[in-house]
Amino acid sequence: MTPRTRAIPDVGAATPVPALEPLLFELARPGRGGGHVRTSETAEIPEAFRRRAPLRLPELAEPQVVRHYTHLAQLNYSVDTGMYPLGSCTMKYNPKVNDRTASLFADLHPRQSYRTTQGVLALAYELERMLAKITGMDFVTLQPQAGAQSEFTALLVFKAYHAGRGEGARRRRIIVPDSAHGTNPASAAMCGYDVTTVKSDARGNVDLEALRAALGPDVAGFMLTNPNTLGLFEERVREVCDAVHAAGGLVYGDGANMNALLGVARPGDLGFDCVHINVHKTFSTPHGAGGPGAGPLCVKAHLRPFLPKPWIVKEGDGSYHYDTSREDREPEPLGDSIGTIKQRLGNFGVLVRAYTYMRTLGDEGLVETGRDAILAANYLLALLRERYDVAYDRTPMHEFVLSASRQKKQGASALDLAKALIDEGFHPPTVYFPLIVPEAMMIEPTETEPKETLDAFAAALNRLAERVATDPAAVRETPRGAPLRRLDEVGAARRPVLRYRAS
Amino acid sequence: MSSVPAGLKYSKEHEWVRLDGDVATLGITHFAQEQLGDVVFVELPEKGATVRQFASLGVVESVKAASDIYSPVSGEVLERNVKVIEKPELVNSSPYEEGWMLKVRLADRGEVQQLLSADDYRAHIGETAGSGGD
């Protein structure tokens, strides 16, 4: 097995294509293997519960297993191997020190008493205060396990807020812009709300007149991402928030694009009632892919009573405890809280990584992060704007949306360009989102990339534009340097093969 | 400009119906496929199933999004287009002919009154054009 070969740009030549790694089951041979559990160690298990037939596990020696997983890692593309300009996802580099600090807390038990976890509570409390400061909010819950669960949490909080004012039954509708992340209307629907979509105006902002027309006494709230999914700052965000508030609604901030605002603007100052944080985007924690995630929710004081419990309380003497679970006094009642979303501190290990990142950078570093992300995006756009159409021609923030409409007419779509970028050694950008841009390619370089990498990426994409103009079929046949060509994505989603069966 | 053939009936959810006696052939409109982009998957009910007007009858998935298909009429499914399931791109290349989806025996001819004429549908997409394909 040769190590992964980086695909070279001119794939017409004899490019060494990395081979797919066989499954462990395919590598296994009977009789090979490492450790075996000795019978004496299982003697305490009652006879009735003992396995009669041996487990059908693949038999391999340890070096084979290690090589297998190393080969898989070599086939993988990650921020550690190259630029990952997946717009809306903020695929920044995750400093390794984050994992080091998180490992210090690995032996914690989620139900451990506050008495033996003072340092843990101190870290969580400080993280809450730091997030409140960055977002301009008053209080924070660390419980939600992901951005989408934070949306869900916030909408439950909205429901509780309106119910507390006797308007719960009446306010049944959530408004979202047509550029919204798909999770926004999905979260609203999961909370039982009806969803109304308002269109964007010619500058890519929320159409204020359309919003005003959609508002009414039945509206519970409005969900807005700022900068929006076009990478553009909502120019009339104050008026938008004022209009929603005047109708008695609340404004939810989708914090997916918070990286652009770090030290530049605070959602709390712009008029939002709450905002969630994708720590895996803004604060360099691992992107989920099914693993543990975290999506803290930051709120203004008027929404605090409804936040999930328990809350972390700091006493005057500098000690910490949970408000609902002190052993030496009566627990405080749940009150107006919506309850528990995820026990106590959520996925704490992820939060330790975010805390580490913020403390490593400090105030000045965080401000620089946001500004560098914006600078990188604008630099890249300047290099690409001649050969690609720009969806909304304004100065973007941390990301921008190109349209491959011109290339589509010439014979290669945004999807084809995305696949061709794989042969150029880059991860593709987000394509076909936001939905309001035809043949959308959403590019977010993040602050992580040096100028040389941005130049190389722009050169690759511009080269592809030239190739589309002369030989679109070649672009449609990419990728040629990857172990698999075009995948059956629909088949993988609709008819997944989740279990190995020996043939 | 989207193609909106005269003589067909249309729903506000962007389905078309061609009537032949009490049999309705239906699919999604040129405008709908344009908004969706490249269609990669079509899920349709089997022969003998019952569909209800304005209720979801299946799913069409494109590179952009998955969307429900809403039945413009009620009735029993007489036939589904197997070719469009095998080659979903027919929805893009020929939405009104080869890309048809179902033939349905009408349960209530009166329901057709609830549908739009070609002119009305053209006006409808004029209003909603640009508001996304979902």
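## A buried threonine

At 0% relative accessibility, Thr135(A) counts as buried (under 20% relative accessible area; exposed is over 50% and partly exposed in between, with a 1.4 Å probe and protein chains only). This is a predicted model: local features need pLDDT of at least 70, side-chain atom pairs count only at pLDDT 80 or more, and totals for chains, interfaces and linings use all residues. Residues are numbered from 1 along each chain as its sequence is written, chains are lettered from A and ligands numbered from 1 in the order in which they are written, and side-chain values use heavy atoms, with hydrogens and water left out.

Thr135(A) is found in helix H4 of chain A. Helices (H or I, at least four residues) and strands (E, at least two) are DSSP runs, numbered from the N terminus. The side chain of Thr135(A) reaches the backbone oxygen of Leu131(A) at 2.7 Å. Leaving out residues up to four places away in sequence, Thr135(A) touches Met258(A), Arg266(A), Pro267(A), Gly268(A), Val275(A), Ile277(A) and Cys298(A). Contact here means heavy atoms within 4.5 Å.

## Two cores

A nonpolar core is a set of buried Ala, Val, Leu, Ile, Met, Phe, Trp, Tyr and Cys residues joined through side-chain atoms within 4.5 Å. The largest one has 60 residues. Leu131(A), Leu211(A), Phe222(A) and Phe283(A) have the most contacts inside it. Several elements of chain A each supply at least two of its residues, including helix H4 (118-135), strand S4 (219-225) and helix H11 (348-384). Another core lies apart from it, with 33 residues, among them Leu402(A), Leu417(A), Ile443(A) and Leu454(A).

## The sheet

How many strands form the open sheet? There are 7, in the order S1-S7-S6-S5-S4-S2-S3 (chain A), and the pairing is mixed. Two strands pair if DSSP finds at least two bridges between them. Strand S1 (139-141) and strand S3 (194-198) of chain A stand at the edges; each has a single partner strand, so one side of each is left without a neighbour in the sheet. The twist averages 25° from one strand to the next.

Strand S2 (residues 173-177) of chain A runs parallel to S3(A), and 5 bridges join them. Val176(A) stands opposite Thr197(A), and Pro177(A) stands opposite Val198(A). S2(A) is mostly covered, with 5 of its 5 residues buried. Arg173(A), Ile175(A) and Pro177(A) point one way, while Ile174(A) and Val176(A) point the other.

A disulfide is a pair of cysteine sulfur atoms within 2.5 Å. The whole structure has 0 of them over all chains. For Cys191(A), the nearest cysteine sulfur is that of Cys274(A), 12 Å away. Cys191(A) is buried at 6% relative accessibility, and Cys298(A) is buried at 0%.

## An enclosed helix

Helix H13 (residues 414-423) of chain A is largely enclosed by the rest of the structure, because 8 of its 10 residues are buried. Among them are Leu417(A), Ala418(A) and Leu421(A). The buried residues of H13(A) pack against several elements of chain A, including helix H12 (405-410), strand S13 (440-443) and helix H14 (451-470). H13(A) is followed by Gly425(A), whose phi is positive, near 90°.

Technical notes
Axes are lines fitted to C-alpha atoms, for helices over the stretch in contact, and angles run from 0 to 180 degrees between N-to-C directions. A polar contact is a pair of N or O atoms within 3.5 Å; within protein, one must be able to donate a hydrogen and the other to accept it, and residues adjacent in sequence count only if both atoms are side-chain atoms.
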